[in-house]
Amino acid sequence: MIIYGTKEVHLESMLLDTTICKNCQEKGNITLSVFGKHLHIFWIPLFPIMKKGYSQCSHCKNILEAKEMPDSIRDKYKKLKKEAKYKIWQYIGIILIILLFFPSVLSLSSYMINKDKNLQIDQRVYTTNDGKIGFYMENYKVSNEKNPYDLFCENGEAYMGVFVFNTKNIASDITKKDILNLQITNLISKRKNAKEVVGLKEIPYRDKTIYQKIYTADKDYGKYMYIFNIIDFGKKEDTFAYVIFSTSITYGEKHINDFTAILKTGEIFK
Ligand SMILES: [Zn+2]
């Protein structure tokens, strides 16, 4: 059996200190009261349905409903009724139902709050003579600032190096893909057993493009994965970035999408 019904809760009251009671002719004894009615199921308030109220004279105890009030009182009653707010707990049932059946509403809103908060904390700006680029880097921290061309971020298992360029400083016949290949050759020539594992990928997003190639190579005691990237911010921008991630192969295979997601947050700061 479902037990349900309605309940009225006091919202607002107001003493009319200059109004004369039509019943007893006494002045200043009439109080207006507004109540909010809500639907409940098993005594849990579900949601409010209507407001109602009355006036009462404390001298003669005469009670008037809205339709019985003289105009001078009814106008003030209407205003009070309009201003009176339902209690927040009168919505508790409908809030619980939304959270129960649409938990994504909760996680989405907390995600948005967290994202905004972290943007201020974790937006990492890389500055070089050629420009500034910021990345949204949740869970990463800057570990090393040896020089402005060589900023590294780590989360323990992956390193990110960012190099900012300006097309003005590059010969016009050299493409961004050429620069990617130059950077790859430069690094790979210092490693043993280098192997291309993923050929050139072009990842378009918004009006921008990421050019990406993935290599493995031996370094010191183990095999590493190197994810080479150029971020092309589009024709309107003369700033572009070369970004390299280096990581263990198992970590890299698992997190390649995270690395690409970080790249897509890259923005030019002027
Ligand atoms: Zn009265």
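Met14 is partly exposed, with 18 other C-beta atoms within 10 Å. On the scale used here, a residue is buried if 20 or more other C-beta atoms lie within 10 Å of its own, exposed if 12 or fewer, and partly exposed in between, with C-beta atoms placed from the backbone. The model is predicted: local features need pLDDT of at least 70, side-chain atom pairs count only at pLDDT 80 or more, and totals for chains, interfaces and linings use all residues. Residues are numbered from 1 along each chain as its sequence is written.

Met14 belongs to strand 1. Helices (H or I, at least four residues) and strands (E, at least two) are DSSP runs, numbered from the N terminus. Setting aside residues up to four places away in sequence, Met14 touches Thr31, Leu32 and Leu80. Contact here requires C-beta atoms, placed from the backbone, to lie within 7 Å. Met14 and Leu32 are 18 residues apart in sequence, yet their C-alpha atoms are 5.1 Å apart in space.

The chain holds 5 helices and 14 strands. Of its 270 residues, 19% are buried. Among contacts between residues at least 6 apart in sequence, 55% join residues at least 24 apart.

An open sheet is formed by 4 strands in the order 1-2-3-4, with antiparallel pairing. Its edge strands are strand 1 (4-16) and strand 4 (63-65), each pairing on one side only. On average, neighbouring strands of this sheet are turned by 30° against each other, direction ignored. Axes are lines fitted to C-alpha atoms, for helices over the stretch in contact, and angles run from 0 to 180 degrees between N-to-C directions. Two strands count as paired if DSSP finds at least two bridges between them. Strand 2 (residues 30-41) and strand 3 (residues 44-57) are joined in the antiparallel sense over 12 bridges. Within this pairing, Val34 has Gly53 of strand 3 as its bridge partner.

Helix 1 (residues 71-83) packs on the sheet and touches strand 1, strand 2 and strand 3. The direction of helix 1 makes about 40° with that of strand 2. Helix 2 (residues 92-101) lies across strand 2 and strand 3. Helix 2 runs at about 165° to strand 3.

The loop between strand 3 and strand 4 contains Lys61. Phi of Lys61 is near 65°, a positive value in a residue other than glycine. Lys61 is exposed, with 10 other C-beta atoms within 10 Å.

Attention now turns to the cores. A nonpolar core is a set of buried Ala, Val, Leu, Ile, Met, Phe, Trp, Tyr and Cys residues joined through C-beta atoms within 7 Å. The largest has 24 residues. Those with the most contacts inside it are Val162, Val164, Ile227, Ile231, Ala241 and Val243. Two or more residues of this core come from each of strand 6 (131-136), strand 9 (158-166), strand 11 (208-219), strand 12 (222-232), strand 13 (239-248) and helix 5 (249-264). Strand 12 gives the most, with 6 residues. A second, separate core has 8 residues, including Cys21, Leu32, Leu64 and Tyr77. In soluble globular proteins, nonpolar side chains tend to be buried together.

Ser246 sits in strand 13. With 19 C-beta neighbours inside 10 Å, Ser246 counts as partly exposed. Apart from neighbours within four places in sequence, Ser246 is in contact with Tyr159, Tyr224 and Tyr226. Ser246 and Gly161 lie 85 residues apart along the chain, and their C-alpha atoms are separated by 8.5 Å.

Strand 10 pairs with strand 11 in the antiparallel sense over 9 bridges. In strand 11, Asp218 is the bridge partner of Lys192. The hairpin of strand 10 and strand 11 has 2 residues between the strands. Arg206 lies in that loop. Its phi is near 45°, a positive value in a residue other than glycine. Arg206 counts as exposed, with 8 C-beta neighbours inside 10 Å.

How values were computed:
Contact = placed C-beta atoms within 7 Å.
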